[in-house]
Amino acid sequence: MAKYLLLKHYRGAPAAVNDVPMDQWTPEEISAHVQYMSDFAARLEQTGEFVDGQALAPEGAWVRYDGEGRPPVTDGPFAETKDLIAGWMVIDVDSYERAVELAGELSAAPGAAGKPIHEWLEVRPFLAASPTITECPHR
Amino acid sequence: MNEALLRSLTPSVLGILVRRGADFAAAEDAVQDALVEAVRVWPADAPQDPKGWLVTVAWRRFLDARRSDAARRRREDLVDEEPTPGPAPAVDDTLQLYFLCAHPSLTPSSAVALTLRAVGGLTTRQIAQAYLVPEATMAQRISRAKRTLSGVRFDQPGDVATVLRVLYLVFNEGYSGDVDLAAEAIRLTRQLAARADHPEVAGLLALMLLHHARRATRTAPDGSLVPLAEQDRDRWDTESIAEGVEILQAALARDRLGEFQAQAAIAALHADAPTAGETDWVQIVEWYDELVRLTDSPVVRLNRAVAVGEADGPRAGLAALAALDDSLPRHTAVAAYLQERDGALTTAARLYAEAARKAPNLAERDYLTRRAAHLNTRRRC
């Protein structure tokens, strides 16, 4: 079992195949898209593979320590960013192949004209906190 | 309230219910109810025969559940079928339960969850905490596993190799939350070894005990990884090591070698060495040759290359490594280590940094990054 983070991007990722900005979809198309995502999460809850998931606002800021006694520096809402995370889901699955399979399904969410958007999703394995010893007896 | 007693009784009570004809899912629910009842009642009024008490209460719960949704005629039939109260049968069904929970039709994660719940007697909440997933997720995983098994006959012979794999998965999950899964895996394997006369069960138990004996020394207080050669051997659990070695020797004497026995033999050779320098690497290589023969696993070949590097020098290790696919997990880390021992510090530093990027967990990534940094600093001096 391993946990994976599925990341949706506002921008920064390669363009989707059916790449029409969401504000140009019909309300029905948006509803269908949202419904697909929530059905997907509900189904993973049923299979025992769902851990957590949230959508993120497009606004955010870079924040940096600016020295003793001074307030942190902020660089406005992602002034120079190349990448922006729209939302994430954490799944707990048996294999990398399963994680890729699920990300593929999520990428097929319907978009404009009710067709799959073929969005690029990022799949990132979690680094486990403690080492397992299955494969390395020299520890 | 003796929680350990309750947990040890759980599998046999469940086994008895299933043997009496209850389907697995309903029996499991009924046993959980009986356990809750026991926690409530026993502190004030402990029964003389705890197992008999649990069987009686669980069986009544099972019948109640059946009655509530069955037709009147069906109910009357069931009352007729109800066995007369008395001592619980002496037949031990725990073994069957192990096989059922590790059934090949289940995914590994479901088999692990079901084993911990039905054989280990852990609550869904405890299992969820140990695996860091929401309780609802774990509850679904368990009930799906139970549904998958609903058509499986209880007396179907199981596959001991699958059971052992599931127990090893539990062991390797190690410690998190308030349930120590490594200790739980040892407890369950011990229980299995007492019931199943099989040298590989003994081999796995020995392997777990030998690994577990070193646990306290495998990480520094700050969580960083301590390699075997640098571990404080005075802090190894000698009792655990002695027990592991004894169990292993008895298993090996039966001359039915399997991969867990061979792995345990390697672990025992490490545990036996008074210092890292006195490790019998030549014999370890021989055991790896056995393991390669038994499993033909590329991971085993990789570990063998490390042992060859210690027994015959880093060049020999690198030659063994060269024959392997460099996409194997930890291949780069092993290459870095052997290059470092061979004196090729620049190459080693580059490989450590590359291995760190591929590391499967934080502790290893930090360790490999530090090794790279250490070599880079040394080169600059």
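User: How many residues does helix 10 of chain B have, and how far does it reach?
Analyst: Helix 10 of chain B, residues 181-195, has 15 residues and reaches 21 Å from its first C-alpha to its last, close to the 21 Å expected at 1.5 Å a residue. The expected span is 1.5 Å times one less than the number of residues. Helices here are DSSP runs of H or I with at least four residues, strands are runs of E with at least two, and both are numbered from the N terminus.

User: What are these values based on?
Analyst: This is a predicted model, where local features need pLDDT of at least 70 and side-chain atom pairs count only at pLDDT 80 or more, while totals for chains, interfaces and linings use all residues. Residues are numbered from 1 along each chain as its sequence is written, chains are lettered from A and ligands numbered from 1 in the order in which they are written, and side-chain values use heavy atoms, with hydrogens and water left out.

User: Back to helix 10 of chain B. Which residues are buried there?
Analyst: Among them are B:Leu181, B:Ala185, B:Ile186, B:Leu188 and B:Leu192. Buried means under 20% relative accessible area, exposed over 50%, and partly exposed in between (1.4 Å probe, protein chains only).

User: And what about helix 17 of chain B, which residues are buried in that one?
Analyst: In helix 17, residues 314-322, the buried ones are B:Pro314, B:Gly317, B:Leu318 and B:Leu321. Seen down the helix axis, the buried residues of helix 17 of chain B fall within an arc of 100°, so they line one face. That arc is taken from the directions from the axis to the C-beta atoms. B:Arg315, B:Ala319 and B:Ala322, on the other side of helix 17, are exposed.

User: Switching to chain A: what is the strand order in the open sheet?
Analyst: The four strands of the open sheet in chain A have the order 2-5-1-6, with antiparallel pairing. Two strands pair if DSSP finds at least two bridges between them.

User: Which strands stand at the edges?
Analyst: Strand 2 (50-55) and strand 6 (122-125) of chain A do; each has a single partner strand, so one side of each is left without a neighbour in the sheet.

User: How many bridges join strand 1 to strand 6 in chain A?
Analyst: Four, and the two strands run antiparallel. The bridge partner of A:Tyr4 in strand 6 is A:Pro125.

User: What is phi at B:Asp255?
Analyst: B:Asp255 has a positive phi of about 60° although it is not a glycine. B:Asp255 is in the loop between helix 13 (238-252) and helix 14 (259-272) of chain B, and at 70% relative accessibility it counts as exposed.
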